Amino acid sequence: MPVTSPPRPAPGAGVAEPPRPGRPRRGGRRATLALTCAVLLVTAASLALGSNHLGLGQVVTGLLHPAEDTGAIVWGSRVPRTVLGLLVGACLGLAGAVMQGQTRNPLADPGIFGVSAGASLAVVVGVYVADLTSVLALLWLAFTGAVLATLLVFGVAALGKGLASPVPLALAGTAVTALLGALTSFLVLTDESTLAAYRVWVVGSLSGRTLEGIWPAVAIACVGAALAAANTRSLDTLALGTELAQGLGESLLRARLVGLGAITLLTAAGVALTGPIGFVGLTAPHLARRLVGSGHARLLPASAAVGAVVLLACDVVGRLIGGQSEVSVGVVLSVLGGVVFVAIVRRGRMAAL
Amino acid sequence: MTAPTFTRRALPALVALALSAPALTACGAMSSGETSSAASGSAASGPWSYTDDTGTTIDLDAQPTRVVAFADQALALLSYGITPVAIFGRTQVKTDPRFADYDLSGVEILGNTYGEIDLEKLAAAAPDIVVTGIYPSDRKGTLDTDGPYYGFSGVSQQKQVEKIAPVAAIEIGGKGIDVVESTTSLALALGADEDEVAEDKKSFEAAAADLRSATEANPGIEVTMMYADADGVYVVKTADEPESQLYSTYGVDYTDLHPKGAYYWDIYSWENAAEMMTGDVILANVEGYQADDLADQPTFADDPALVAGQVYSWNGAAMDYASQATQMTTLAKIISEAKDVV
């Protein structure tokens with residue numbers, strides 16, 4: 001995989017200064033400003049716009065008076081989905097950036113390591129075996145499943161002494177995803193009728209959710225974000241290729257563990273809150289890379305911001321095009337995300353990883 | 001732009017909803033005492049011919065005795081004393097509470113999820129005929145006979161089934177009474193006991209009369225038949241669902257805010273749920289949100305029916321006389337006890 005700027009290994013071996021990351025494509029400050037504005041704009045839009053065409057004045061009244069009818073709409077529907085959209089979008093965007101950096105695969109998304117599949121299976125098992133349906137219970141189930149799946153993937157890859165190359169990790173992830181997906185299907189098909197709670201969860205929608213159980217998810221996401229931040233240098237080094245990275249004194253095991261930890265926790269938090277949502281983790285890092293280049297110190301926060309904007313913006317679009325009903329965010333993401341992704345690829349020069 | 005919503009979410013749910021037949025309590029009472037051999041009743045000799053709701057005529061050398069049916073139709077046939085040799089279902093057949101009153105010990109289960117049919121087992125069951133349903137694709141009752149009938153994964157699977165035995169389809173759409181009569185006429189053609197059917201019909205008519213008196217005794221009760229999930233509320237359009245169409249002719253007042261427009265139901269996002277809160281009683285489809293889940297939605301929490309505790313889990317019943325009688329008795333009781341809260 002090409003690198004935007006040639007590496008400049010620091011003199012001498014050992015734990016040295018990492019090579020300069022790819023140069024930002026645009027002014028860093030302008031990108032930061034643009035992203036901040038985008039986040040604020042999309043937040044405002046998410047509060048102001050919906051399938052119930054309240055006037056701006058009514059929205060403000062609703063915000064100030066939660067007890068009134070418009071208050072129920074604003075506080076009961078728009079505020080939760082805005083918060084969830086920002087949080088989950090940021091988690092998935094960040095996880096996607098770490099994932100693509102770890103695997104050096106532009107098509108990697110957080111699902112690759114079996115995280116979503118593990119979460120889904122755990123939710124199904126919990127609903128099926130223990131009849132758990134509360135939001136908090138599903139959150140912990142999804143989280144546990146995500147962690148176990150990652151451990152399984154890591155174990156399989158490590159067994160085959162495969163940590164050096166990202167390929168065994170991705171292969172192990174794909175295999176585990178397929179296996180877990182098969183088990184999930186088996187359980188769901190065995191007794192479809194008892195799995196209403198799972199079906200509600202698996203839709204991957206911001207609609208109809210409450211903020212119940214958000215604090216544990218926020219805590220998990222924060223730990224994940226901290227791990228991602230700690231992984232920044234390693235990701236820059238890994239971009240040079242694992243051999244060079246090792247030559248630079250990078251501990252592959254540590255780099256992989258920290259990265260996987262970040263991906264797992266971030267994805268688990270997102271998946272637990274809203275069910276599996278695709279495309280954000282895949283596209284957000286690409287958009288972010290076009291804005292700030294491929295140095296991870298900037299790419300990671302930018303991916304989080306882009307993820308939040310993309311997810312929430314798609315949700316807002318879905319609310320507006322459904323008439324008195326709505327189009328769920330998963331559908332909008334697949335359509336718009338697909339178009340955007342094709343555009344990125346078509347413009348050639350996919351920003352190098 | 002409701003099209004994407006409709007096709008992606010609503011249609012499967014519509015199908016699920018419309019198809020998930022019978023209530024838990026359905027069926028049993030009338031027919032449980034009856035013998036259940038396949039060709040009980042008037043096994044006529046000589047050639048047999050039947051034209052189903054798609055206009056397809058099935059000619060056989062003799063009256064079919066070995067019947068395979070999709071679960072929803074199997075329930076109706078069982079109610080008329082015809083035990084299929086094999087059943088394929090959309091959900092787990094053996095644990096389906098709708099079958100609780102019937103002895104399925106000798107019945108082969110060919111599949112437990114939509115589109116799953118074990119063709120080898122089907123062939124081994126040596127059916128004379130396969131019975132399933134077909135759903136119209138619009139309000140005019142258009143039947144897409146080029147597409148697969150209900151219960152088949154696709155046209156190719158249906159063709160394979162047709163190589164084993166001819167397939168008869170009952171139209172599940174339009175007027176409810178037509179669906180019941182079509183189901184009954186097929187059961188009679190398959191040898192259902194005429195006296196038993198006549199008795200079931202009497203109890204059906206009695207239940208219909210009771211339902212009418214219940215609505216007259218407690219006028220002003222509006223019934224909302226709906227399905228809800230994270231995306232919002234789906235309100236069934238009275239004329240498009242055979243059950244509500246039938247019961248509305250007995251005086252049941254269903255929520256029907258936009259009888260025209262999209263087929264089968266109106267969809268409201270949770271933000272717009274207030275628009276449809278006109279019912280005194282909610283019949284919540286068993287596959288979606290129930291009272292507790294509805295109460296968790298901030299924009300629905302003040303729904304009058306919900307506040308009054310008048311939300312009931314609801315499952316469509318098989319389209320035979322006895323199952324419909326049971327269903328109407330249940331609904332009559334709900335309406336009699338309901339308070340007019342809107």
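Predicted model: local features only at pLDDT ≥ 70, side-chain atom pairs only at ≥ 80, totals over all residues.
Which residues of chain A are linked in a network of salt bridges? Hi everyone, that is where I'd like to start. The network links A:Arg81, A:Asp315, A:Arg319 and A:Glu326.

Residues are numbered from 1 along each chain as its sequence is written, chains are lettered from A and ligands numbered from 1 in the order in which they are written, and side-chain values use heavy atoms, leaving out hydrogens and water.

Back to the salt bridges, meaning a side-chain nitrogen of Lys or Arg within 4 Å of a carboxyl oxygen of Asp or Glu. The whole structure has 12 of them over all chains. Helices here are DSSP runs (H or I, at least four residues), as are strands (E, at least two), numbered from the N terminus.

Are these two partners buried or exposed? A:Glu326 is buried at 6% relative accessible area, and A:Arg81 is buried at 3%. For the cut-offs, buried is under 20%, exposed is over 50%, and partly exposed is in between, using a 1.4 Å probe and protein chains only.

Now over to chain B. B:Arg90 and B:Glu287 form a salt bridge of 2.7 Å, N to O. B:Arg90 is in the loop between β4 (86–88) and β5 (108–111), and B:Glu287 in the loop between β12 (281–285) and α9 (291–296), so parts of chain B 197 residues apart in sequence are tied together. Both are buried, B:Arg90 with 13% and B:Glu287 with 19%.

Here is another pair from chain B. B:Glu216 and B:Arg212 meet in a salt bridge at 4.0 Å, N to O. Both lie in helix α7 (residues 194–217), four residues apart, about one turn of the helix. B:Glu216 is exposed, at 53%, while B:Arg212 is partly exposed, at 36%.

A:Val317, A:Val335, A:Leu336 and A:Val339 make a nonpolar patch of about 310 Å². Helix α14 of chain A gives the most to this patch, with three residues. A:Leu336 is found in that helix and is partly exposed, at 37%. Thanks, everyone!

Definitions and conventions
Patch = residues over 30% accessible without salt bridge, like charges linked within 9 Å, V, L, I, M, F, W, Y side chains within 5 Å. Areas by Shrake-Rupley, 256 points an atom, 1.4 Å probe, with all protein chains shown as cover.
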